[in-house]
Amino acid sequence: MASLLNMVSVPPRISPPSHARTPSFQARPVLPPFSLSFSRRRLSIRATETDTNEVKSQAPGTAPSKAGSSFNQLLGIKGAAQETNKWKIRLQLTKPVTWPPLVWGVVCGAAASGNFHWNFEDVAKSIVCMMMSGPFLTGYTQTLNDWYDREIDAINEPYRPIPSGAISENEVITQIWVLLLGGISLAGILDIWAGHDFPIVFYLAVGGALLSYIYSAPPLKLKQNGWIGNFALGASYISLPWWAGQALFGTLTPDIIVLTLLYSIAGLGIAIVNDFKSIEGDRALGLQSLPVAFGAETAKWICVGAIDITQLSVAGYLLGADKPFYALALVALIIPQVIFQFKYFLQDPVKYDVKYQASAQPFLVLGLLVTALATSH
């Protein structure tokens, strides 16, 4: 499974040569019912948006094609090659590298339900639920996020699909709506398929879509606040798919809701790792990420504390629930994470972020499955 830390690609802010011009964009709402406008004065006070016409572009107009990777382009991660095929560009906007955490969340929810069986119908249901959570609703989230970041990307990465003009604004908006409506439709189908009297999967999908919107879009734009934004991100990638998987095959209970929201605090810590690469750009744009608000040294310890203390708390919960073997298994999975934190992340969170993610995160996601199996018995 791909690292949870790649749940949202946040490339480092760069300061390339000053001779390039910034592409200009006409402000255009994607979801009109939620769109509000603010005066330039208020925007400057709250530092919520940056007018690209007021900031001189310092980025090259195009990314070097020779240095780009076609594989990275398909996954939607940095280092991507320039592409002209519209379908490949559409796939790039959905960032497939961010789908696996949602798929894993559905697996954990199905396991926690205690009612999943290895027959054709249950496997088919789970695959549809994974499609809803991953390609459709996560794809919607990532495309929406790129749309609302288009002016920032025009400064820092003008070669990305939207600011470079590789895909038109109308095509992006159409993609957002198709993915959103497709995901919500699949949720409704799952409720009918499961025979639910109350369409819980549908409402989870609608709630997740709304959370994605207020995470990326003004006026709320939760991502501007390090605490709220990162927790919303953690809940979206851990709690929501788990709830969908469990509701599909069983009953979503209050104790599971609390437990998964607690685990989302670990997701908050995971999300902080990406913020270290963007400290200078976030500071310049007025974004209050935790490394900006508290400084890199303090933010490092907030990050590892959120990850480790949360998992230890869950282990304590399992022990109190008379599941000592599951609790010990979870502690055993926490130990290597702590080792890799000291070996890589705490040494240099920017230089070693990829090594840390690749080394530590598999143990965290296995811990999620251990917890899910514990709650199913």
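Tutor: Some housekeeping before we start. This is a predicted model, where local features need pLDDT of at least 70, side-chain atom pairs count only at pLDDT 80 or more, and totals for chains, interfaces and linings use all residues. Residues are numbered from 1 along each chain as its sequence is written, and side-chain values use heavy atoms, with hydrogens and water left out.

Student: What is the mean pLDDT of the protein?

Tutor: pLDDT is the predictor's confidence in each residue, from 0 to 100. Here 79% of the residues reach 70 or more. The mean over the protein is 83.

Student: Over which residues does pLDDT stay under 50, and how many contacts does the model have there?

Tutor: Contact means heavy atoms within 4.5 Å. Residues 32–66 have pLDDT below 50, with 67 contacts beyond near neighbours in sequence. For residues 1–27 pLDDT also stays under 50, and the contacts beyond four places in sequence number 90.

Student: Are H9 and H10 roughly parallel or roughly antiparallel?

Tutor: Helices (H or I, at least four residues) are DSSP runs, numbered from the N terminus, as are strands (E, at least two). Axes are lines fitted to C-alpha atoms, for helices over the stretch in contact, and angles run from 0 to 180 degrees between N-to-C directions. H9 (residues 200–216) and H10 (residues 226–249) pack at about 165 degrees, with axes 10 Å apart. Angles under 35 degrees count as roughly parallel, over 145 as roughly antiparallel, 65 to 115 as roughly perpendicular and the rest as oblique, so H9 and H10 are roughly antiparallel.

Student: Which peptide bond is cis?

Tutor: Look in the loop between H9 and H10, where Pro219 lies. Omega is near 10 degrees for the bond from Pro218 to Pro219.

Student: Is Leu248 buried or exposed?

Tutor: Leu248 sits in helix H10, and its contacts, leaving aside neighbours within four places in sequence, are Lys125, Ser126, Cys129, Leu190, Ala194 and His196. Its C-alpha is 6.4 Å from that of Ala194, 54 residues apart along the chain. Buried means under 20% relative accessible area, exposed over 50%, partly exposed in between (1.4 Å probe, protein chains only). With 4% relative accessibility, Leu248 is buried.

Student: How are H14 and H16 oriented to each other?

Tutor: H14 (residues 296–320) and H16 (residues 353–375) pack with their axes 11 Å apart, at an angle of about 20 degrees. That angle therefore makes H14 and H16 roughly parallel.

Student: Which residues of H14 and H16 make the contact?

Tutor: By class, the contact of H14 with H16 has 6 nonpolar, 2 polar and no charged residues. From H14 come Ile307, Gln311, Val314 and Leu318, and from H16 Tyr356, Leu364, Thr371 and Ala374.

Student: What is the relative accessible area of Gln311?

Tutor: Gln311 belongs to H14. Beyond neighbours within four places in sequence, Gln311 is in contact with Tyr263, Leu330, Ile334, Gln337 and Leu364. Gln311 is buried, and its relative accessible area is 0%.

Student: What is the phi of Lys95?

Tutor: Lys95 is in the loop between H3 (86–94) and H4 (99–113), and counts as buried at 1% relative accessibility. Lys95 is not a glycine, yet its phi is positive, at about 50 degrees.

Student: And Asp322, buried or exposed?

Tutor: Asp322 is found in the loop between H14 and H15 (324–345). Its phi is near 65 degrees, a positive value in a residue other than glycine. At a relative accessible area of 67%, Asp322 is exposed.

Notes: Nonpolar A, V, L, I, M, F, W, Y, C, P; charged D, E, K, R; others polar.
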